[in-house]
4 protein chains.
Amino acid sequence: MCFDRIHRAGPRKKIYYEPGAVKAGIVTCGGLCPGLNDVIRQIVFTLDIYGVKNIVGIPFGYRGFFDKSLSEIPLSRQVVQNINLAGGSLLGVSRGSASTGEIVDSIQARRIDMLFILGGNGTHAGAHAIHEECRKRKLKVSVVCVPKTIDNDILLMDKTFGFDTAVEEAQRAINSAYIEAHSAYHGIGLVKLMGRSSGFIAMHASLSSGQIDVCLIPEVPFNLEGPYGVLKHLEQLIQTKGSAVVCVAEGAGQNLLETSNATDASGNIVLGDIGVHIQQKIKTHFKGIGVHADVKYIDPTYMIRAIRANASDAILCTVLGQNAVHGAFAGFSGITVGLCNTHYVYLPIPEVITSPRCVNPNSRMWHRCLTSTGQPDFL
Amino acid sequence: MCFDRIHRAGPRKKIYYEPGAVKAGIVTCGGLCPGLNDVIRQIVFTLDIYGVKNIVGIPFGYRGFFDKSLSEIPLSRQVVQNINLAGGSLLGVSRGSASTGEIVDSIQARRIDMLFILGGNGTHAGAHAIHEECRKRKLKVSVVCVPKTIDNDILLMDKTFGFDTAVEEAQRAINSAYIEAHSAYHGIGLVKLMGRSSGFIAMHASLSSGQIDVCLIPEVPFNLEGPYGVLKHLEQLIQTKGSAVVCVAEGAGQNLLETSNATDASGNIVLGDIGVHIQQKIKTHFKGIGVHADVKYIDPTYMIRAIRANASDAILCTVLGQNAVHGAFAGFSGITVGLCNTHYVYLPIPEVITSPRCVNPNSRMWHRCLTSTGQPDFL
Amino acid sequence: MCFDRIHRAGPRKKIYYEPGAVKAGIVTCGGLCPGLNDVIRQIVFTLDIYGVKNIVGIPFGYRGFFDKSLSEIPLSRQVVQNINLAGGSLLGVSRGSASTGEIVDSIQARRIDMLFILGGNGTHAGAHAIHEECRKRKLKVSVVCVPKTIDNDILLMDKTFGFDTAVEEAQRAINSAYIEAHSAYHGIGLVKLMGRSSGFIAMHASLSSGQIDVCLIPEVPFNLEGPYGVLKHLEQLIQTKGSAVVCVAEGAGQNLLETSNATDASGNIVLGDIGVHIQQKIKTHFKGIGVHADVKYIDPTYMIRAIRANASDAILCTVLGQNAVHGAFAGFSGITVGLCNTHYVYLPIPEVITSPRCVNPNSRMWHRCLTSTGQPDFL
Amino acid sequence: MCFDRIHRAGPRKKIYYEPGAVKAGIVTCGGLCPGLNDVIRQIVFTLDIYGVKNIVGIPFGYRGFFDKSLSEIPLSRQVVQNINLAGGSLLGVSRGSASTGEIVDSIQARRIDMLFILGGNGTHAGAHAIHEECRKRKLKVSVVCVPKTIDNDILLMDKTFGFDTAVEEAQRAINSAYIEAHSAYHGIGLVKLMGRSSGFIAMHASLSSGQIDVCLIPEVPFNLEGPYGVLKHLEQLIQTKGSAVVCVAEGAGQNLLETSNATDASGNIVLGDIGVHIQQKIKTHFKGIGVHADVKYIDPTYMIRAIRANASDAILCTVLGQNAVHGAFAGFSGITVGLCNTHYVYLPIPEVITSPRCVNPNSRMWHRCLTSTGQPDFL
């Protein structure tokens, strides 16, 4: 990491655009994440304070740049006033992309001066390519990203927006699984939470609930079968406690699944469904040993993604949105805004997209989680 | 229906038991339903007011009568004081049964005088058999049921406890589906709700949300394919509105599925999964016509079943619990307590279990639902 | 009551207006009540289905008719699509009125054919006067009311919208009072709920919470002082249970207060604050007997009024809104729509406004509440 | 601050107590705060993991040490399993104290080896005196505090438990005030939030809501009257926007009030009620200028204090509870546990109690709040 390329976020004395002449665009890419509307709202508010009048939303992610059937959405303080009270994205989202050239053609044709892009790793890579192409064409366009990943897996960043809300909302699913498990005879509750590459949501949700017996994350390998496997441990929990609750991140134990190599429109590998897999394995295992077990499987993903941001995320979104605009007016391009080591900073996009941030299995937080669940190694 | 066998619920001047000598048992059977703990709590409170000191819970449904590893749970005002604040059942639930003879042997051995049974149709049939067997053996045992069906499908009854809560909680899933559908390009949200034989939850949840475009229930047949089918309608919605939200009851469209004839431990036929089926059909259909569509499927069943009762159900549970005890002290046996035509009454069990109560497709309520969704006939 | 003037609500074969030529107005009067936006939304939807294009909202109650600074709010399906997701009233509310003549002048000037008025008793009286004046002037104007009273105190009506939501939301305040009382040494929680003339909210909220020791409503007189007074009872509760929770309707015990005869803009007498009064009496009493007591007083009124309708009220609002429009098209005027004895009907306004509906102190529901609280007579 | 007296929190290799022989006591002092039960629960769990069997709760704060009518509450893993699901404190709280000598006599008599004290500044001062007295008497007693202040005003600490939950729950009151204000003609919503000496809750709640026009905190002086006062600003807001929402911390503007010098049982000065004061001033002001204004005042204090901790606070409480026990076993006494500059540490009590932590009026966060509200200086 090159520290001299990282700058403290915030307003600058000198601004590089004449606000009255600026056309600003906002686009939201990828899947839903609580807080999208908060960031959109705050970008519009802050542009308005600078004096920008021409603000538009590009509908449905990068698709909005090339799909001729889609029109720009005019944005103003009035339009966005209460959008933070609902989940989702006012602008719509979608996965996938066009060629960088096509997008930059569209940016030129629309005469956009500032482009605010909300999205994850893939979207950031696309944004970087757009930034590079704009530079090549000598266009004066500021490309500023705000990282959007509910998984909280962006390198260098303390926390990304939506994560806190997701952990909070996951409590509802975990408590339901706990109630189902404890009310059933030999009940086993199983909750699958988001987390393709990293287990932050599963770890934090398990720890905060205090109701999880087994937490499985992508960073920590485990066996289901065998004398030290998860199934054997569940057997013991059923014998001693009468019930058990398991929380698994969607990206955990992918080595245990037969996967196709299919990818989705964002280029992400389509994961095998570890939740369904474990559910079936538990059923088979207990049938095999002749012990009754009652498995209840809950996948709350879409119910978590679609809710509005909680108060803590609302503040994070507010500050990110304000600073995204400050960054563009300061003349930055090809940057992303984030909270690093308790400070808000601007980072060059390439710094944050080389790999996803992961849970450190030797960290205090993971050990606190293990203390809370009381689970052994499953190897 | 024989009206002279139906009695207004409530306390009677004469009571048929010496409270101080009574041993009362409570058992909860079948799946979870919001309000179980409220009913248990209120039965205990009312028994306590009568002066009954010996109150026990039979754990895990009828299983608690014959599984030697399970012990009676002593109940008192103090034990149940705050159990209504959590979902589930303090006593545990399970499906399935033993032979009636075995259960009555157990009742005799335990010297139970009053047995309060919370459960659905199958449980009521079992309760009736227990009542008959007790009578045959000339045991002075009052068998009193409280109908528990989240589906609200008990004959003659205005409303069963848990239904109102389920409709309320379903809003969360529907709103998520709506947000997902409206934020996606050509988004289709699909929510499966409870309702094996009857579509009350789906109908009420659709109507109250005001966000549903298509509501499918078991009582109203429909085609997916064909010029008047659901898929064609979704195609039109995507063209005109850009998105659509579908609500389907789990028992809807079973004729469209290949089903095994498997049954669960309660003897209910294991339904094919209409939610997954429709999801796949939508995907195939839109792929077939070369139109992008983004389907998000939500099954909130376990998250709805496991929550605590809302205020309206809490009152219903309170009154049902009080009246169950009044009925037993009045010397009734083989009855069930319910709200019929705005009055609380005691009914002989056989009156209510001949068939499930269904949505009348000619009723005003279903027509209001159709007006709200704007959906056509799908035949 | 004259039964031949009461009609079943619903669409009629013959309609008395040419939809394309109709101008419809909607106005919301009085204080906030959960569901106002649901009713507005459904009136607009139903008018739209009939084919009415010219729909306007009159801002801020009757004030909107005469305050020249206020403009009509154009309404359409799109404008009202999601207004039910927020509390309050899109149109604004206010108390007070102009002269009937002035309002009817304004109706004429605006060429309004159908006027939908949402409000309470006072508003209904005003609506009746408007209807009479229109008839006198031979104007073909349909004046149709939808009763809005969170207190649920409209004569003849089973339930008015917002009531169910209020009871649900009151749980939050009651539970807080319970937690405060139980966590404090000699803690007494005191919650004041809405209910000017009738104690329905207090009674239902107490019953559903199961956490109230004393429930005080306007219909049942009580003493605070004296050997059988509320204070003596609290003393005993503190001695025996260590804590107590009281729920009082705002209109209860008005005879105990010195009141001015002031009225608010709606002409309602300004009530003395019974909550504050009881709080002070409790403090004085316990100080007087040298016993420590820790009183926590909660008045959640504005937090209850301002929330959105729950699912049950949303259905009620939907059906009321639909039927209000059906009534206007059927040519009725001077009517109000309501749920009477489980049926939706049109009633002449005078039938419902002679007095508020009250809790019957001899009813089963009040007795269930007394059983639940365990409170004695306080006389 | 003396840095060599600050230690990283966590388990140590060497422990200074034989777990089987330890008697541990827990006491909660002061007012309620979300998370008290989470900390109690985690202390018990962690003691249990160490092997401590003899764990008791001291009821109702320091009062439990000397009030002979109160008994110790035996604590175990089973007792505390689900206490985090409810707000309040299982042990009860109270303000005030006995003499230090009396408390230490009681500690000796009970043979307590470890005392975990949850409370605020005053409680910490008491804990320090207890620690000193134990040292003087050469008692081997570990006195370990966990700071409990919903106001988040403990020196050196990033965040105290309950604060995040309070900010979240405050949204409910603010949104109600916003809805009331926006639905009324010339509506002004006024919300008073906790914050005796510092405005963290008011600042964060205002910022996250995005609905506040004026935020008033103790650290920033303001005038109500005069050409630059709050009232004049409200006048302008009513003229331009038609409504306004004000958020005031309870400790703000105390110089504007006539106060008695009364103190509560904790020795805190009884504050004048700034919320009621501002409400009256607004009424008088608008009456004076002949402009209608409709003020709605909400004080949600007890409804915020009494709720359970949210997920984020639950994790904070978990880690604090675990580390409190680690600290005691490591042989520390007279310390408090907290999150300082992102790390969990043990601090000597005197370091944190010299004064409350305050909002820095020159900080970025306060400036973000001002940007969000758009309010001027009120001087």
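Let's start with B:R305 and its neighbours: leaving out residues up to four places away in sequence, B:R305 touches A:E180, A:K296, B:G31, B:L32, B:C33, B:P34, B:R95, B:I150 and B:M194, where contact means heavy atoms within 4.5 Å. Before I go on, this is a predicted model, in which local features need pLDDT of at least 70 and side-chain atom pairs count only at pLDDT 80 or more, while totals for chains, interfaces and linings use all residues. Residues are numbered from 1 along each chain as its sequence is written, chains are lettered from A and ligands numbered from 1 in the order in which they are written, and side-chain values use heavy atoms, with hydrogens and water left out.

So, is B:R305 buried or exposed? B:R305 is buried, because its relative accessible area is 10%, and buried means under 20% (exposed is over 50%, partly exposed in between; 1.4 Å probe, protein chains only).

Now let's turn to chains D and C. Here, 30 residues of chain D are in contact with 31 residues of chain C.

Finally, the count of salt bridges between chain D and chain C is 2. A salt bridge is a side-chain nitrogen of Lys or Arg within 4 Å of a carboxyl oxygen of Asp or Glu. The side chains of D:E180 and C:R305 form a salt bridge, at 2.8 Å from N to O. Thanks, everyone!
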